[in-house]
Amino acid sequence: MSMPTLGIIGGGQLGSLLAIAANKLGIKTVIFCDDIDAPAEKFSNKFIHGEYDNINKINEFANSVDVITYEFENIPYETLNQINKIKPVLPKPSINRIIQHRLAEKDFINNLNLRTTRYISIEKKSELNSVEDLLPGLLKTVTLGYDGKGQHLIKNLDNIDSLNVDFSKDYILEKLVKLKKEISIIITRFGDHKYEIYEPIENIHEDQILRYSKIPAEINGKILDQSKLWAKQIAEELKYVGTLCVEFFIDRNDNLYVNEIAPRVHNSGHLTINAYNVSQFENHIRAVCKLEQTPLKKISNARMINIIGDQINDYRNKEFNSNEFFFDYLKKKIKNKRKMGHLTILVS
């Protein structure tokens with residue numbers, strides 16, 4: 001069978017790791033990215049640089065591949081929809097449109113009768129004066145924002161006057177959970193009720209950036225089963241194709257809440273590269289390219305450390321043990337709070 005050529009929108013570390021997984025399967029990749037220095041260029045067969053609203057570049061990209069996927073969700077819907085008219089985009093652009101809008105995402109989850117934290121739409125500052133029952137809460141931009149960007153903590157009504165917020169944008173206010181733990185589920189859906197699902201991953205954030213992940217997660221059996229079931233329900237309702245991440249909160253009473261959905265491979269799943277026979281990246285490629293589904297087998301328990309900013313300099317000069325796997329994202333510029341690499345440690 002002839003292998004398709006895969007187009008990947010976005011050229012960061014997720015695009016790189018997708019391209020590496022595709023190479024392993026004998027699939028050629030074409031990266032389309034608005035960053036001329038995108039590291040994924042080093043791992044792809046062809047690199048197209050251009051803005052995501054450039055019709056000529058869109059056409060060049062779409063006409064050079066058979067199927068298209070993307071590494072991040074903040075691509076304009078119009079771009080994905082235009083590309084989808086030429087070649088199939090997976091996951092479908094309509095899914096991305098829901099999930100890149102926090103209010104639509106929360107409504108979608110609640111309509112499935114899955115628990116989220118309480119929330120409300122905020123369009124102007126004066127509306128915050130009547131939401132005391134949702135405080136303390138996080139005020140978030142409805143679109144864009146990641147790793148804590150576009151988020152403002154409001155502890156009480158006294159904080160409102162000092163907020164430095166641009167209310168020309170729409171916001172959502174989410175009540176804070178009395179947090180015990182954060183976990184994520186990585187699931188790959190191949191078709192109707194056809195899944196490969198990884199065990200829950202326990203995550204620790206610092207400054208709203210994922211810092212550490214590990215398997216197994218220290219959770220009870222009820223939470224384990226419930227989180228997997230909810231992830232399946234979400235993927236099935238979306239008729240999703242590819243790898244999806246569902247992030248969860250667990251409160252101090254062991255109640256489970258869906259926090260966010262990421263319609264793509266996810267940072268918390270990096271440890272699957274070494275801890276499983278098939279990584280989240282390879283499974284994504286297999287699903288969107290309609291390749292054979294391979295049953296998952298766990299190789300080892302694992303811990304993953306995100307390497308942030310100039311920490312990368314220390315790791316580049318280290319020697320590693322046989323159970324340690326260092327990934328350098330080869331980004332040209334070192335920036336504060338920028339993910340520069342990760343280290344996975346296999347543990348017994």
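Colleague: Just after α6, which residue takes a positive phi?
Modeller: This is a predicted model, where local features need pLDDT of at least 70, side-chain atom pairs count only at pLDDT 80 or more, and totals for chains, interfaces and linings use all residues. Residues are numbered from 1 along each chain as its sequence is written, and side-chain values use heavy atoms, with hydrogens and water left out. Helix α6 (a DSSP run of H or I, at least four residues) covers residues 221–238. The positive phi, about 50 degrees, just after α6 belongs to Lys239.

Colleague: At the start of α6, which backbone nitrogen does a side-chain oxygen of Asn220 reach?
Modeller: The oxygen comes to within 3.1 Å of that nitrogen. The residue that supplies the nitrogen is Lys222.

Colleague: What span is expected for α6 at 1.5 Å a residue?
Modeller: α6 has 18 residues, and the expected span is 1.5 Å times one less than the number of residues. From first C-alpha to last, α6 reaches 26 Å, close to the expected 26 Å.

Colleague: Which elements do the buried residues of α6 pack against?
Modeller: Buried (under 20% relative accessible area, 1.4 Å probe, protein chains only) applies in α6 to Ile223, Gln226, Ser227, Trp230, Ala231, Ile234, Ala235, Glu236 and Leu238. Their packing partners, by contact (heavy atoms within 4.5 Å), include two helices, α4 (93–99) and α5 (102–111).

How values were computed:
Buried < 20%, exposed > 50% of the residue type's maximum accessible area, 1.4 Å probe, protein only. Polar contact = N/O pair within 3.5 Å; in protein donor to acceptor, adjacent residues only side chain to side chain.
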